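This briefing goes with the sequence and structure shown below.

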Amino acid sequence: MSLQVTDLRVYYRTLAGDVKALDGVSFEVADGEIMGLAGESGCGKSTLGNSLVRIDGRMKHVGGRVVLDGVELPISDSDAMDEFRFNSISIVPQYAMSAMNPTRKIGTMVADLVEARHRRFADLREELERRLVLVGLTSEVLDRYPIELSGGMKQRMVMVISTLLNPSLLIADEITSALDVTSQKAVAQTLVEFRDRAFVDSMIVVTHDVSILYQIADTLTVMYAGKLAEKAPTDTMMQVPLHPYTRLLISSLPEVGVRYEEERLQGIPGSPPSLLNPPAGCRFRDRCPLAFEKCVEEPPFVEVSPGHAVACWKAT
Amino acid sequence: MLTLDRVGKTYKVGLFGGKELRAVRDVSFDLHEGEVVSLIGESGSGKSTIGKMILRLLAVNDGTITVDGVDVAGLKGAALKDYYRRVQGVFQDPFSSCNPIFKVDHLFNVLRDVYFRDLGGGAWQEKQAASLATVNLEPGQVLHKYPHQLSGGQVQRLLIARALMLDTRYLVADEIISMLDASTRIDVLNLLGDLKAKGLGILFITHDLSLGNYISERTLILRRGRVVEMGPTALVFGNPLHPYTKALLAAVPQLHDRWGTKGEVAAMWSAGAKLFEEPCPYHAVVPAGPAAAGSAAAAGIAPALVEIEPGHLVGCRRDPDSGPC
């Protein structure tokens, strides 16, 4: 078992009070699993990814445990996390374009980075060059400044750097969102390739784009308003989604291979609740076509079939 | 009818504008009332430049844009004001169209000062409420609020309502869905469909093929400022002719059809170079190839696009900057 997260709660401090961006999230990621994490903006999916790597000053770790390969991560202690970051847990940030130090040549920057982890750059250089070739770059880029690279090249470079020390877990946060379709596909398949070559054991791919996840993820997890709504193997999620939110979300996506003519897709009326004072009970209740009396109680996130868990009274 | 005829745009770039970047070249198409035309292209393909030229936010370098027979470039003063009565635009980031220190009513008030000065308070309120109703918003829900108090979808619909308060007949919708969430974007798309049915002509600019496929009657595929393929949406998506269109369609992630077995990852990154190995349908019709860009004399002889099947046009697969096809 690679990653186990139990009842994780991370809030944002604001003047108006705590924004409960992650409110009791529990899940597991198996060895070799690519877990896709989808949801609307503000549902807490990026907070989940970030809190596994770095809890910054605005965030507050309120409760819950994170265990990676049998070792509990001290996620609320940023200094103690230094030992794990980049070594065993790593992130490819959303804006790869600005993730590299603009004043250093890329090779120098990578050397600084690995030496800060007490590794010799000379030992790693050969492997680094092999991986650059794998993503279609030459070792010449190491003598260049980030500004000399195109957006797609920077994205690939950051992916290679992030995984250089073969971390156990990689978080990829919206890394395809700012790219063109053709680069999107290349980035997505590069992630799969990295997993297949065991550069990383498992991955959490965070994105709002369910169709990208369908292509590459082994399991899909859908978040809604700071909580997990549903987690299932990708094909199960597409064929038999159980949570009404997942169902409505999937059915509202237009596709390329379909002729629509006069047919119309339906959106989901309403908007997600504020996380400042979220309502008790099921948070999707106000927008849910199936809501009934019991929904004022909070539905537990329970497994209904192997690997398929859902938080909905109607589904269980 | 809004018509673009061999429109081109060149930007001056580099230090002191010493270099030229041809952002749009030789683009011709029509937009009729009651029709959605989608303009699909990757970043840097010139799709937003075309929208901005139609809205007169940028000057046209070559060719002409005409609306109902009147050249847009020469409009000034009252004629320009009248032009904006008929042609309006909505852009990608709804919040960047609002001034954050004013309530959203400000958007409407500016419009009132310019176009509806003689309208009484009550009549104005009514007009405002009616236009909000067309985009499925309740006045009480959105008015007298600051932009940050509303969701992106609400502000975007508000901006569409504002654009439609005039006698708008053509709407330039530049990536208006991209910033919205999946659960609300379909509502805005359906709204465009309703407006189309009421006779509005919409130029739907997007990088997302699935949105273009859903909403539009006709599709134009842009690459590096040129239209490489255009035609009825069903034909462009169902029977793509240009290798670039095929490559785009192959890369789109679908929900019920996975990408085939993956090859070498390194090769995928340079997939663009391999686009042009298939025979060129353009050359089957025009063996000599397209005229050199900008040479007006040759333009009449060799059109930029040729018709392969009814309404379905395709351009040369050659890159205008690279060698012969």
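In this predicted model, the contact between the two chains takes 37 residues from chain B and 37 residues from chain A. The points below begin with the side that chain B brings to this contact, and then turn to other parts of the model.

**The side of chain B that touches chain A**
- Elements giving two or more residues to this side are α7 (182-197), α8 (209-215), α9 (233-238), α10 (243-251) and α11 (265-269) of chain B.
- Helix α7(B) supplies the largest share, six residues.
- Sorted by class, this side of chain B holds 20 nonpolar, eleven polar and six charged residues.

**The sheet of chain A**
- Chain A has an open sheet of eight strands with mixed pairing, in the order β6-β7-β8-β3-β9-β10-β12-β11.
- The edges are formed by β6 (89-92) and β11 (302-305) of chain A; each has a single partner strand, so one side of each is left without a neighbour in the sheet.
- On average, and with direction ignored, neighbouring strands of this sheet are turned by 25° against each other.
- Strands β7 (residues 169-173) and β8 (residues 202-206) of chain A run parallel and are joined by five bridges.
- Within this pair, A:Leu169 stands opposite A:Ser202 in β8(A).

**Helices on the sheet**
- Helix α1 (residues 45-53) of chain A packs on the sheet and touches β3 (34-38), β6, β7, β8 and β9 (219-224) of chain A.
- The direction of α1 of chain A makes about 145° with that of β7(A).
- Helix α9 (residues 244-251) of chain A lies across β9 and β10 (227-233) of chain A, and runs at about 105° to β9(A).

**Nonpolar cores**
- In soluble globular proteins, nonpolar side chains tend to be buried together.
- The largest nonpolar core here has 89 residues, and those with the most contacts inside it are A:Ile171, A:Ala172, A:Met203, A:Val205 and A:Leu213.
- Apart from its neighbours within four places in sequence, A:Ile171 is in contact with A:Gly49, A:Leu52, A:Val53, A:Ile91, A:Ile204 and A:Val206.
- A second, separate core has 76 residues, among them B:Leu31, B:Cys98, B:Ile186 and B:Val314.

**An exposed residue**
- A:Glu126 is in helix α4 (residues 121-134) of chain A.
- A:Glu126 counts as exposed because it has 10 C-beta neighbours inside 10 Å, and the cut-off for exposed is 12 or fewer.
- From C-alpha to C-alpha, A:Glu126 and A:Ser139 are 9.6 Å apart in space, and they are 13 residues apart in sequence.

Key
Residues are numbered from 1 along each chain as its sequence is written. Chains are lettered from A and ligands numbered from 1 in the order in which they are written. This is a predicted model: local features need pLDDT of at least 70, side-chain atom pairs count only at pLDDT 80 or more; totals for chains, interfaces and linings use all residues. Helices (H or I, at least four residues) and strands (E, at least two) are DSSP runs, numbered from the N terminus. A residue is buried if 20 or more other C-beta atoms lie within 10 Å of its own, exposed if 12 or fewer, and partly exposed in between; C-beta atoms are placed from the backbone. A nonpolar core is a set of buried Ala, Val, Leu, Ile, Met, Phe, Trp, Tyr and Cys residues joined through C-beta atoms within 7 Å. Two residues are in contact if their C-beta atoms, placed from the backbone, lie within 7 Å. Ala, Val, Leu, Ile, Met, Phe, Trp, Tyr, Cys and Pro count as nonpolar, Asp, Glu, Lys and Arg as charged, and the others, Gly among them, as polar. Two strands pair if DSSP finds at least two bridges between them. Axes are lines fitted to C-alpha atoms, for helices over the stretch in contact, and angles run from 0 to 180 degrees between N-to-C directions.
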